[in-house]
Amino acid sequence: GLEFLAVTDGPNPARVVSRGGESTSLPVPTGVNCVNPIGAGDTVAGVTCAALCLSGGAPMDHAAVVAAMSLGLAAASAKCECEGEGGTFELERMESLLVSAA
């Protein structure tokens, strides 16, 4: 069955909830000059899943899902600053947004 649920809500905080009842609210990075939000949700999903898949076989617990989702939110925020459609973004910008959200 479902172990974790991750939900985004545009510019509002995201949330990760685990089957055991643990719940974490994740702020969306601030200071983002959003010029094109198209594809932001897909970027969150793709980067979050990639981070979980690349975890090197570490157990998938609530903290791991929160960390992966934080990376996904930073990537989506960086994507919103790019004019083109699709999930392209600057890696350095994603990293700076991840640090600022921590």
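**Labels and their cut-offs**

Tutor: Ala-14 stands opposite Leu-26 in strand 3. Residues are numbered from 1 along each chain as its sequence is written. This is a predicted model, in which local features need pLDDT of at least 70, side-chain atom pairs count only at pLDDT 80 or more, and totals for chains, interfaces and linings use all residues, while side-chain values use heavy atoms, with hydrogens and water left out.

Student: What makes strand 2 and strand 3 a pair?

Tutor: Two strands pair if DSSP finds at least two bridges between them. Strand 2 (residues 12–18) and strand 3 (residues 23–26) have 4 bridges, in the antiparallel sense, so the pair meets the definition. The two strands form a hairpin with 4 residues between them. In the turn, Gly-21 has a positive phi of about 100°.

Student: How many helices and strands are there, and what counts as one?

Tutor: The protein has 3 helices and 3 strands. Helices (H or I, at least four residues) and strands (E, at least two) are DSSP runs, numbered from the N terminus. In sequence order the pattern is β-β-β-α-α-α.

Student: Why is the protein called as compact as a globular protein of its length?

Tutor: The radius of gyration is 13 Å, close to the 13 Å that the globule rule gives for 102 residues, so the description holds. The radius is taken over C-alpha atoms, and the rule is 2.2 Å times the number of residues to the power 0.38. Along the principal axes, the C-alpha trace spans about 40 × 25 × 25 Å.

Student: Why is Ser-18 called buried?

Tutor: Buried means under 20% relative accessible area, exposed over 50%, and partly exposed in between (1.4 Å probe, protein chains only). Ser-18 has 12% relative accessibility, so it counts as buried. Ser-18 belongs to strand 2. Leaving aside neighbours within four places in sequence, Ser-18 is in contact (heavy atoms within 4.5 Å) with Glu-3, Phe-4 and His-62.

Student: Is Ala-78 buried or exposed?

Tutor: Ala-78 is at 2% relative accessibility and therefore counts as buried. Ala-78 is in helix 2. With neighbours within four places in sequence set aside, Ala-78 is in contact with Phe-89, Glu-90, Arg-93, Met-94 and Leu-97. Gly-46 is 32 residues from Ala-78 in sequence and 14 Å away in space, C-alpha to C-alpha. For the protein, 27% of the 102 residues count as buried.

Student: Why does Leu-54 count as exposed?

Tutor: Because the relative accessibility of Leu-54 is 72%, the label is exposed. Leu-54 is found in the loop between helix 1 (40–53) and helix 2 (62–80). Between the C-alpha atoms of Leu-54 and Cys-82, 28 residues apart along the chain, the separation is 25 Å.

Student: How do you know that Glu-3 and Arg-19 meet in a salt bridge?

Tutor: A salt bridge is a side-chain nitrogen of Lys or Arg within 4 Å of a carboxyl oxygen of Asp or Glu. The N to O distance for Glu-3 and Arg-19 is 3.8 Å, so the pair qualifies. Glu-3 lies in the segment before strand 1 and Arg-19 in the loop between strand 2 and strand 3, so the pair ties together parts that are 16 residues apart in sequence. Glu-3 is partly exposed at 43%, while Arg-19 is exposed at 54%.

Student: The structure holds 2 salt bridges. What are the closest N and O atoms of Arg-93 and Glu-81 apart by?

Tutor: They are 2.7 Å apart, and Arg-93 forms a salt bridge with Glu-81. Arg-93 lies in helix 3 (residues 91–101) and Glu-81 in the loop between helix 2 and helix 3, so the pair ties together parts that are 12 residues apart in sequence. Arg-93 is partly exposed at 25% relative accessibility, and Glu-81 is partly exposed with a relative accessible area of 25%.
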